[in-house]
Amino acid sequence: MAAAAWALHRAGLPLLSLPPRPEAGRRPDPRASPVEPPRAGPARFPPVRRVARPQGTGRALVLATWWGVTARTHDADGGPLPGPLESTVGSIVDAHGEGNVLHVSLEEFASDQRSYEALDEGLRQAGWPGPRRRAALKSASGREQCATYHRAFVLARAGERKDVLHLTGSLAPHLPALREFPFLLPVGPFGMARSSTTARPPTTPSTRRAPVVLWYATRDGAADFARSLLSALEALDRPVRLEVRAEASVVGALPTRSPRGRVAVRPLGALEGTAWEARWRRADLRIASGSQTLVESVRLGSPFLYFNGALAGPHASSRAFRREKFVSWLRAMQGSGSAPRLRKELSSFADGKGLDAVLPHALLSARWRREFVRDLRRCRSGLVASRADGDRFLVEIARRLEESSGPVSDLVERLRLEHPQRLQRTLSRSAAA
């Protein structure tokens, strides 16, 4: 949300913020908590004018996270939804008039996946091997489950609405998902085009100091992963400093030193945006998780690994948790021509496996680091040089809204028809390059 707001601000478009109107008798749902720029914690917003009521007449663009859930108290079938923004959004429509308000929904990162892929991933996390998953999903029952998922996804996202544009950030727009859900418009992550010239060159850390590994830890499987991480770092047989940013409950469960004391663990407290960015840039190796640190890492263009939590399985096996963001990155790396060996190591690390083999390459191998950065920068330049650039596309939407005269549903229809062709041309150019 903050990065999207910056894109509009840099284009000279005024930004207004309306305070959410709490519904009488309704308990706030933490899963759909409204974003208020003045109280956004470490997120840095551009100048946003806070107003008590909608301003002016004519056209308006509403920017909301997950509009299908946050801007409705009931879905198209009458099912209950949290909808903390419903009355606020309704007041904007009342002020500007039906057909004059374009709602832009910022969907969950990398949610451009097919029903089959979403269900297949759930079974993979449950420990089902590939052949068993494929047989199950191709059966009559599996096809019925895919149809049920499809319908539920459309309902949850308000896919039936003709005045809502659904933008889903993605490192590699997935055309099969766009064919199944034509209301989804995959775009490159917002803020990707910002300069990253302060990144360190892909050299190996000097032997005169302890290299710094910075880990943005999530709750899922953090303690088990920390033990494997410390063991693998200690096997490098040189001092290493591991800095960990995580919730207090996660940090409290982590060991403070490795068994032989070669790795010093430093928990990081709350950091403001600029302080965190500086520390992220200076680290010799980053371990990202979720979507935001993944986007920051790709934009920075320096060596990093990805771990978003893992589920423990039988025989000491583990499987990466919520992999859709990682899969988006892996698809982008494959499109940039990265070696299969590199992608296999990245996948192994994301599963919490093979750390002893991956970390020496990622931290100490000059060749690995050069190849990784080369492929990563190809991936990044392919995003920002194309119509997949999220910042550019959002500004274009706002400009076309200003210039259009008919109902916003006409503009939404045109954009939905144009976008697949744009993405196809972008992907074709990337493959040719």
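Colleague: Is alanine 110 buried or exposed?
Modeller: In this predicted model, alanine 110 sits in the loop that joins strand S4 (101-107) to helix H4 (115-125). Its relative accessibility is 3%, and buried means under 20% relative accessible area. Because 3% falls under that cut-off, alanine 110 counts as buried.

Colleague: Which value is phi of alanine 110 near?
Modeller: Alanine 110 is a residue other than glycine, and yet its phi has a positive value. That phi is near 60°.

Colleague: Where is aspartate 237, which has a positive phi although it is not a glycine?
Modeller: Aspartate 237 has a phi of about 60°. As for its place in the chain, aspartate 237 is found in the loop between helix H8 (222-234) and strand S8 (240-245).

Colleague: In the open sheet of five strands, which strands stand at the edges?
Modeller: The strands pair in the parallel sense, and their order is S9-S8-S7-S10-S11. A strand at the edge has a single partner strand, so one side of it is left without a neighbour in the sheet. The strands to which this applies are S9 (263-268) and S11 (304-306).

Colleague: Which residue in S11 stands opposite arginine 286?
Modeller: Strand S10 covers residues 285-288 and pairs with S11 in the parallel sense over three bridges. Opposite arginine 286, the residue that stands in S11 is phenylalanine 304.

Colleague: Which helix packs on the sheet, touching S7, S10 and S11?
Modeller: The helix in question consists of residues 292-300, and its contacts include strand S7 (212-216). The direction of this helix makes about 145° with that of S10. Its name is H11.

Colleague: What is the crossing of H1 with H16, right-handed or left-handed, and what is its angle?
Modeller: The axes of helix H1 (residues 2-10) and helix H16 (residues 390-403) come within 9 Å. The crossing is right-handed, and its angle is roughly 60°.

Colleague: How many nonpolar, polar and charged residues has the contact of H1 with H16?
Modeller: From H1, the residues that take part are Ala4, Ala7 and Leu8, and in H16 they meet Asp391, Leu394, Val395 and Ala398. Asp counts as charged, whereas Ala, Leu and Val count as nonpolar. By class, the contact therefore has six nonpolar, no polar and one charged residues.

How values were computed. Residues numbered from 1 in each chain as written. Predicted model: local features only at pLDDT ≥ 70, side-chain atom pairs only at ≥ 80, totals over all residues. Heavy atoms only, no water. Pairing = 2+ DSSP bridges. Helix = DSSP H or I, 4+ residues; strand = E, 2+ residues; numbered from the N terminus. Contact = heavy atoms within 4.5 Å. Axes fitted to C-alpha atoms, helices over the stretch in contact; angles between N-to-C directions. Left-handed = near helix turned anticlockwise from the far one by under 90°. Buried < 20%, exposed > 50% of the residue type's maximum accessible area, 1.4 Å probe, protein only.
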